[in-house]
Amino acid sequence: MPQFRLTQISDTHLARRFKPLVDNFHRVSEHIDATRPDLLLNSGDVSFDGPTSRDDMMFAKQLHNALPVDCLYLPGNHDIGDNPTAVGPVPAQLPTEQTRGAFTSVLGEDRWHFDAAGWCFIGLNSLIMNTGLDSEAEQFDWLAATLDKAVGRPVALFVHKPLYLDVPYDAERVETAIRYVPQPARRRLIEMFGKVDWRLVGSGHVHQRRDYTFEHVRHVWAPSAGFIISDARQEVIGIKEVGLVEYRFQSDSFEVRHVRAKGQVDVDLDSLLGKQPAA
């Protein structure tokens with residue numbers, strides 16, 4: 001029976017100036033070299049500050065190029081900017097066609113799909129959702145056509161931001177709206193996937209490991225490969241640790257392994273930035 005092995009890393013936040021994060025990436029690289037998955041996915045925040053530092057993006061690409069397996073990427077808020085939401089302040093850096101173009105020029109397509117082991121795999125740019133950019137409308141049109149071709153096969157979706165906390169109709173809160181795909185784009189996305197055999201959504205962004213199932217869809221939150229966020233800055237939802245996720249897909253099933261690469265260190269964001277924890 002054919003199998004497809006995919007390893008997901010997320011929130012690497014790579015930059016030359018942050019050696020602890022580069023060291024953690026090297027530990028992840030050693031793990032990938034030892035396990036040799038069929039594909040590596042970095043599900044966003046590849047760079048520490050992509051919108052203002054092209055060097056961060058170029059440096060991240062250089063490190064990924066040294067890996068012994070093929071890589072795909074999705075943009076995170078630290079790569080292209082953050083979504084506006086119905087509640088909460090407007091992000092300091094909104095996604096633009098320019099920041100999106102800077103990402104694709106270095107790391108490749110910000111949305112993709114491929115078939116393997118009888119599955120349809122789809123990656124979406126979750127940061128342009130709710131922006132009104134031309135690329136948002138183009139992505140939804142592309143997704144509709146892609147899902148038409150996926151009918152009859154199990155589907156796995158990968159995005160940077162989790163779709164929601166616990167249930168699709170979770171109310172957006174000022175304090176946490178930026179953690180999840182914003183409404184009304186979230187509702188539209190879920191309705192579109194209702195026409196296919198949707199089994200999995202893998203995400204990152206929150207820097208916490210979490211794994212749960214709602215209505216036959218398994219939600220896997222990959223932890224950051226780089227750093228953790230203190231309880232003073234962020235409530236505990238899942239497990240605060242660095243690591244990665246390994247998937248093994250077969251024609252009508254899949255397995256998930258939550259992994260920590262040997263030597264990875266739980267770098268604390270406050271320590272990294274030389275700041276005192278938030279009160």
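Residues are termed buried under 20% relative accessible area, exposed over 50%, and partly exposed in between. The structure described here is a predicted model. With a relative accessible area of 35%, D55 is therefore partly exposed, and R16, at 47%, is likewise partly exposed. These two residues form a salt bridge in which the closest N and O atoms are 2.9 Å apart. The D55–R16 pair links distant parts of the chain, 39 residues apart. D55 belongs to helix α2 (residues 54-65), whereas R16 sits in the loop between β1 (4-9) and α1 (19-35).

In total, the model contains 21 salt bridges. Another of these joins R100 to E97, with 3.7 Å between the closest N and O atoms. R100 and E97 are 3 residues apart in helix α4 (residues 97-107), which means that about one helical turn separates them. R100 is buried because its relative accessible area is 16%, while E97, at 28%, is partly exposed. Both residues also take part, together with D110, in a network of salt bridges.

A further salt bridge is formed by the side chains of E241 and R209, at an N to O distance of 2.7 Å. E241 lies in the loop between β10 (227-228) and β11 (244-250), and R209 in the loop between β7 (197-203) and β8 (210-214), so the bridge ties together parts that are 32 residues apart in sequence.

The strands of the model include an open sheet of 6 strands with mixed pairing, arranged in the order β4-β5-β6-β7-β9-β8. Because β4 (112-116) and β8 each have a single partner strand, they form the edges of the sheet, and one side of each is left without a neighbour in it. Direction ignored, neighbouring strands of this sheet are turned against each other by 15 degrees on average. In general, the strands of a sheet pair through backbone hydrogen bonds, in either a parallel or an antiparallel manner. Strands β4 and β5 run antiparallel and are joined by 5 bridges. D115 is placed opposite C120 of β5. Helix α5 lies across β4, β5 and β6, and its direction is at about 170 degrees to that of β5.

The largest nonpolar core comprises 29 residues. The members that touch the most other members are I122, L124, L143, L157, L189, F193 and W198. At least two residues of this core are supplied by each of β5 (119-123), α5 (134-150), β6 (154-158), α6 (185-193), β7, β8 and β9 (217-221). Helix α5 provides the largest share, with 5 residues. When residues up to four places away in sequence are not counted, W198 touches V155, L157, L163, I190, F193, H216 and V217. Another core, of 26 residues, lies apart from the largest one and includes I32, L40, I80 and L127.

Terms used: Residues numbered from 1 in each chain as written. Predicted model: local features only at pLDDT ≥ 70, side-chain atom pairs only at ≥ 80, totals over all residues. Heavy atoms only, no water. Salt bridge = Lys/Arg side-chain N within 4 Å of Asp/Glu carboxyl O. Helix = DSSP H or I, 4+ residues; strand = E, 2+ residues; numbered from the N terminus. Buried < 20%, exposed > 50% of the residue type's maximum accessible area, 1.4 Å probe, protein only. Core = buried A, V, L, I, M, F, W, Y, C linked by side-chain atoms within 4.5 Å. Contact = heavy atoms within 4.5 Å. Pairing = 2+ DSSP bridges. Axes fitted to C-alpha atoms, helices over the stretch in contact; angles between N-to-C directions.
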